[in-house]
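Good morning, and thank you for coming. I would like to walk you through one structure today, chain by chain, and then turn to the contact between the chains.

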Amino acid sequence: MTEQAIPSPSGGGQGGGLGGYYDYPVVRRPVWTWEVPAYFWLGGMGAGAFVTASLAQTFGSAEDRRIAADGYYLAAGSLLPCAPLLIADLGRSDRFHHMLRIFKPLSPMNLGAWTLTAFTPIAVARAASHAADSGLLRGPLRVLAGLVPRRLTELTGSLLGLTLAGYSGVLLGATNVPLWAKSKLLGGVFMASALSSGSAAVTLQAARRGAPEATLHRLAALESAASLGEMAIVAAYLRQSGRTARPLTTGRFAAPFWLGAVGAGSVLPLLLHRFTRRHHGRTLRSLSTAAALCTIAGSLALRWSIFEAGKDSSEDQAASFDLSKA
Amino acid sequence: MIDGYKRLMNLEEPPAKKTAKGFFTDTSLCIGCKACEVACKQWNQLPADGFAITGKSYDNTGHLGATTWRHVQFIEQAKANGRRQEQRWLMMSDVCKHCANAACLEACPTGALVRTEFDTVYVQQDICNGCGFCVPACPFGVIDRVPKESTFEVGTAHKCTLCYDRLKDDMTPACAKSCPTASIQFGDVEELQVRARERLGELRARGESTARLYGMPEGKEAQEVGPLHAFFLLLDRPAAYNLPEVPRLPRKTMAERYGWSAAVGIGFAMVAALVFRGGRR
């Protein structure tokens with residue numbers, strides 16, 4: 001009688017010598033669906049547009065201020081669908097307000113719900129005051145919008161916006177999903193993606209509205225810096241994650257991540273911006289528009305691929321053991 | 001004024017604190033009968049999970065979940081002893097660990113997850129809004145959300161309650177009550193810890209050199225999540241039972257994560273200020 005190797009639930013695994021119970025996952029698969037990355041993307045872009053517009057109000061020339069203030073429209077427009085998306089993802093959507101029955105900043109989910117609740121009306125109010133300034137509103141609405149304290153909304157809105165842009169990556173990191181938790185940089189990655197897509201949204205609108213070339217060049221410089229920063233922090237994030245990043249860097253999310261998030265989101269806009277320096281007029285506007293669209297699409301690809309690959313990573317037993325090793 | 005607020009908000013006084021209750025699951029006594037799984041399902045009226053066959057072992061439950069609060073693992077181990085292969089079966093009834101520092105409780109944005117007067121972790125079903133954050137927060141993969149299409153407490157998070165309703169009436173939780181070998185022991189946590197140390201000594205004296213306790217205050221598994229109020233006596237490394245060596249508490253790294261996020265935000269603001277300034281004459 002020949003002896004057969006008995007398939008063993010422990011010892012045969014790939015957990016770095018820490019063979020587990022068959023290949024069963026250690027942690028549960030996140031239950032969230034597409035609404036979550038969509039919300040992170042839109043909320044981040046809206047917050048980024050608000051912050052960019054507000055920085056322009058404080059530091060920019062009269063022309064830059066006028067152009068960048070359109071960012072408040074983009075912010076309001078991106079933020080309004082966020083609460084519905086967040087609510088739709090709840091198991092009990094009728095109980096969304098339970099998030100607000102306590103204030104518990106220890107929970108990023110609670111902090112995010114409060115931030116979104118506070119930031120959305122501020123962004124809408126600032127957009128309304130911009131509409132009043134540019135003559136889009138008339139009558140009593142204009143008087144009402146004129147009452148909005150601009151500097152105060154810009155300051156509080158920027159702080160809330162930066163919180164909204166950054167908490168999403170911290171929230172995913174504050175779990176035991178290896179791809180999200182192994183590196184401590186995911187909050188920084190999402191912040192970078194939010195700010196680069198937000199400033200790209202401002203550029204998109206500026207190019208559409210026929211902004212002066214000098215303004216477009218400055219916005220291009222800002223976006224190039226944002227793209228470079230984003231590439232750097234994504235690289236550091238991948239380096240820290242090591243083998244844990246495999247569900248993202250290989251397999252079914254490799255294409256959306258490398259081609260979408262990194263290629264279209266950072267590398268392509270950087271190349272396009274290099275060309276914008278030498279061009280004027282329509283070519284400059286087309287190049288700026290193309291670069292901005294790439295950045296915005298790349299931002300969605302980044303959130304979506306890291307979110308979805310994280311779900312697969314939760315089933316990676318070896319990565320879970322690696323995360324919890326002494 | 002506080003009394004008036006409490007009346008207005010219909011707030012109840014929390015029950016007076018009692019001694020901490022928990023489980024000591026001695027896997028060396030488990031015979032894999034799954035009576036605990038059945039008793040748990042019956043008492044808590046949890047629906048069946050369907051007839052899924054894993055095809056790997058007698059464990060067709062697979063893992064804990066929203067409607068499975070006890071799960072018996074069947075760990076088949078083979079090792080070569082000369083020319084013979086020796087086999088052993090390790091069985092373990094897994095359950096929510098009711099951590100002293102519970103990741104699920106800290107993650108919960110609604111306050112649905114609370115610590116009871118028995119120092120256990122409990123989900124208030126009328127508060128939970130099914131945000132799902134506790135699910136990946138738990139380092140043990142215990143708590144889960146019921147799918148929206150389920151007929152059972154739709155959309156909210158569930159896990160072992162340590163039979164909170166039975167505890168309120170001075171009764172033993174259903175799983176411990178049904179365990180025929182006293183593998184699942186219920187009682188005051190401190191007393192159970194004493195009993196566990198004695199039992200470990202006994203097994204070590206009999207030559208069970210790989211026996212160990214998992215979830216005691218001095219163990220490295222308690223570094224972040226604290227002592228487990230449902231703790232275990234294991235006969236092999238924790239990983240053999242799919243238990244993490246040092247279960248991570250997300251709170252411990254949160255400040256650093258926010259720090260990196262803030263650093264990127266401040267960096268962007270500084271670059272933007274410089275760029276826009278450059279346009280001013």
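Let us start with chain A, which has 14 helices and 0 strands. Please keep in mind throughout that this is a predicted model. Read along the sequence, the pattern of chain A is accordingly α-α-α-α-α-α-α-α-α-α-α-α-α-α. Its C-alpha trace spans about 95 × 50 × 30 Å along the principal axes. Of the 326 residues in chain A, 61% are buried. Among the contacts in chain A between residues at least 6 apart in sequence, 76% join residues at least 24 apart.

I will take one helix of this chain as an example. Helix H1 of chain A covers residues 35–59. H1(A) has 25 residues and reaches 36 Å from its first C-alpha to its last, close to the 36 Å expected at 1.5 Å a residue. How many of the 25 residues of H1(A) are buried? The count is 22, so this helix is largely enclosed by the rest of the structure.

One partner of H1(A) is helix H7 of chain A, residues 150–173. The two helices pack at an angle of about 145 degrees, and their axes are 8 Å apart. The crossing in which H1(A) passes H7(A) is left-handed. On the side of H1(A), the residues that meet H7(A) include A:Gly43, A:Gly44, A:Ala47 and A:Gly48. On the side of H7(A), A:Gly157, A:Ser158, A:Gly161 and A:Ala165 are among the residues that take part. By class, the residues of this helix contact divide into 7 nonpolar, 9 polar and 1 charged.

I now move to chain B. Here we find 9 helices and 10 strands. The C-alpha atoms of chain B fill a box of roughly 85 × 55 × 40 Å, taken along the principal axes. Buried residues account for 48% of its 281 residues. Among contacts in chain B between residues at least 6 apart in sequence, 61% join residues at least 24 apart.

Chain B contains an open sheet of 4 strands, in the order E8-E1-E10-E9 and with mixed pairing. Which strands stand at the edges of this sheet? They are strand E8 (184–188) and strand E9 (212–214) of chain B; each has a single partner strand, so one side of each is left without a neighbour in the sheet. From one strand to the next, the twist averages 20 degrees.

Strand E1 of chain B, residues 21–26, pairs with E8(B) in the antiparallel sense over 5 bridges. Within that pairing, B:Phe24 stands opposite B:Gln185, and the bridge partner of B:Lys21 is B:Asp188. With E10(B), by contrast, E1(B) pairs in the parallel sense over 4 bridges. There, B:Asp26 stands opposite B:Leu233.

Helix H7 of chain B, residues 189–205, lies across E1, E8, E9 and strand E10 (230–234) of chain B, and runs at about 135 degrees to E8(B).

Two loop residues in chain B deserve a brief remark on their backbone. In general, most residues other than glycine have a negative phi. B:Lys34, in the loop between E1 and helix H2 (35–44) of chain B, has a positive phi near 65 degrees. B:Lys34 counts as buried because it has 21 C-beta neighbours inside 10 Å. B:Leu162, in the loop between strand E7 (157–158) and helix H5 (164–168) of chain B, has a positive phi of about 50 degrees. B:Leu162 is buried as well, with 26 other C-beta atoms within 10 Å.

Conventions. Residues are numbered from 1 along each chain as its sequence is written. Chains are lettered from A and ligands numbered from 1 in the order in which they are written. This is a predicted model: local features need pLDDT of at least 70, side-chain atom pairs count only at pLDDT 80 or more; totals for chains, interfaces and linings use all residues. Axes are lines fitted to C-alpha atoms, for helices over the stretch in contact, and angles run from 0 to 180 degrees between N-to-C directions. A crossing is left-handed if the near helix is turned anticlockwise from the far one by less than a right angle, and right-handed if clockwise. Two residues are in contact if their C-beta atoms, placed from the backbone, lie within 7 Å. Ala, Val, Leu, Ile, Met, Phe, Trp, Tyr, Cys and Pro count as nonpolar, Asp, Glu, Lys and Arg as charged, and the others, Gly among them, as polar. Two strands pair if DSSP finds at least two bridges between them. A residue is buried if 20 or more other C-beta atoms lie within 10 Å of its own, exposed if 12 or fewer, and partly exposed in between; C-beta atoms are placed from the backbone. The expected span of a helix is 1.5 Å times one less than its number of residues.
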